[in-house]
Amino acid sequence: MIGVSLELPVTFVALPLPQAFTESLRTQQALEEKRDQLEFINSLSLRISQTLELESICALSLQHLNSKFDSAIGGVYLKNRNDGTLRLVSIEPRERRETYGELLAPTVDDYILAEEGEVLLHDLSHFSAVGMRDAEAPMTKLMLPLLPKASFIGVLVLLVNTSMTRSEELLSFLSAIGTLIGGALENAALYLESLNKSIEIKKQNQELDEFAYVVSHDLKEPLAGISFISNMLVDDYFEMLDSTGKTYVNSLIEFSKRLGSLIDALLELSRIGRITQPPEVVDIAEGLHTVSQNLAFRLSKDDVEFVFPGTTQKVIGDKTRIEQVFHNLVSNAFKFNDKPHIRVEIRWRETGDGFVEFSIGDNGIGIEPEYFEKIFKIFERLHQREEYEGNGAGLTIVKKIVENHGGRIWLDSLLDHGTTFYFTLPVSTQNDSSGEL
């Protein structure tokens, strides 16, 4: 019996995938693409947030984008504040500028559209750079408006070695990148502007200090002559004068003393900015003992309660000037107080940002809120000289010393219930809060 083997042809038929499966696959691809975009934006944000240098932000952004989009070259153009034109501030890679630089620059029409916030995609398949790329290879020119807070500051341009299809998802992604980079560049510009202003203000303050020193120093000599002659009149001719003449001489002496006090205050204020001692560790508790000794007569004369913590606190700065801050504020707390029992309390706490916050509170006459800023101005007084002595420079000196140490000063007060001054000084790492006075 002969066996017969029959081979039948097998035909494979491609069946269409179910619609639900196709939609699911598209959704998954869209989610993965969205995830990749978010990861890219996060990594870009982390990279450019490490610096506040404008050119570094531009270079880092271009390097990141060039790798993402397989870009031949990229450039950042920022808007000039004076005439509104665009200027190239960064290009990557720099060695390709000669080949692509002219093509990279935005046209006038591009500028107008970018200023309105539109992301631009130009097909450059007709362009060919000899020796750099295949003449048949496609190329796309991307333009991303830099729009922090909806304010146009420039444009980022990329020449991408591929053909790109315009879609809402891509435009949204590119727009987000432009906003991110624009925000970083705006922060860098604001920082640079603030730094320049700070340098200029510091220079102006130094010049003002030097001017005040020279003027006040030169005024001392003629004032000394006026005081000398006034005293000679009193010693040699006072009995020869009538009552009006004696009043004039006494007024002249009083005015000379007051002017001398003002000149001394001006000299002291100018010296704070001109002469600085090397920073050292200052023990506040020890400084307060010095202040107490200097004010011992006042403390013994009146019914005064002077309270401060029994633990130590150390700061960094000029010891003499810091003690002057406490002396001026504590003596003011005693002076501007009409209560039968005077209470002055000092507190301190570390703020966690490298500073110590001090407070000096009293139960004195208080200050109205509209005068909170005025009292720190030189020679400003809220009371008549007959009521309270002084030249009106004490708080100005305090404010300048605190600010020279990098701190700030402010106050809280309630009329007829007392005032509390707050100020900060840089903390020392050598603090030992267990020490007792």
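1. In β2, Leu86 is the bridge partner of Lys79. Strand β1 (residues 71-79) is joined to β2 by six bridges, and the two run antiparallel. Strands pair if DSSP finds at least two bridges between them; strands (E, at least two residues) and helices (H or I, at least four) are DSSP runs, numbered from the N terminus.

2. The model is predicted: local features need pLDDT of at least 70, side-chain atom pairs count only at pLDDT 80 or more, and totals for chains, interfaces and linings use all residues. Residues are numbered from 1 along each chain as its sequence is written, and side-chain values use heavy atoms, with hydrogens and water left out.

3. Strands β1 and β2 belong to an open sheet of five strands, ordered β2-β1-β5-β4-β3, with antiparallel pairing. Because β2 (86-92) and β3 (120-123) stand at the edges with a single partner strand each, one side of each is left without a neighbour in the sheet. From one strand to the next, the twist averages 20°. Angles run from 0 to 180 degrees between N-to-C directions, with axes fitted to C-alpha atoms, for helices over the stretch in contact.

4. Helix α2 (residues 54-69) lies across β1, β2, β4 (140-146) and β5 (154-160), and runs at about 60° to β2. Contact here means heavy atoms within 4.5 Å.

5. Strands β10 (residues 355-362) and β12 (residues 418-426) run antiparallel and share seven bridges; Gly361 stands opposite Thr420 in β12.

6. Phe40 and Phe173 form an edge-to-face pair, 5.9 Å centre to centre with 70° between the planes. Since Phe40 lies in helix α1 (residues 19-48) and Phe173 in helix α5 (residues 168-237), the pair ties together parts 133 residues apart in sequence. Phe40 is buried at 8% relative accessible area (buried: under 20%; exposed: over 50%; partly exposed: in between; 1.4 Å probe, protein chains only).

7. Ring pairs also link Phe326, Trp348, Phe358 and Phe423 into a cluster. Within this group, Phe358 is buried, with a relative accessible area of 0%, and Trp348 is buried at 13%.

Key. Rings of Phe, Tyr and Trp (its six-membered ring) pair if their centres lie within 6.5 Å; planes under 30 degrees apart count as stacked, over 60 as edge-to-face and the rest as tilted.
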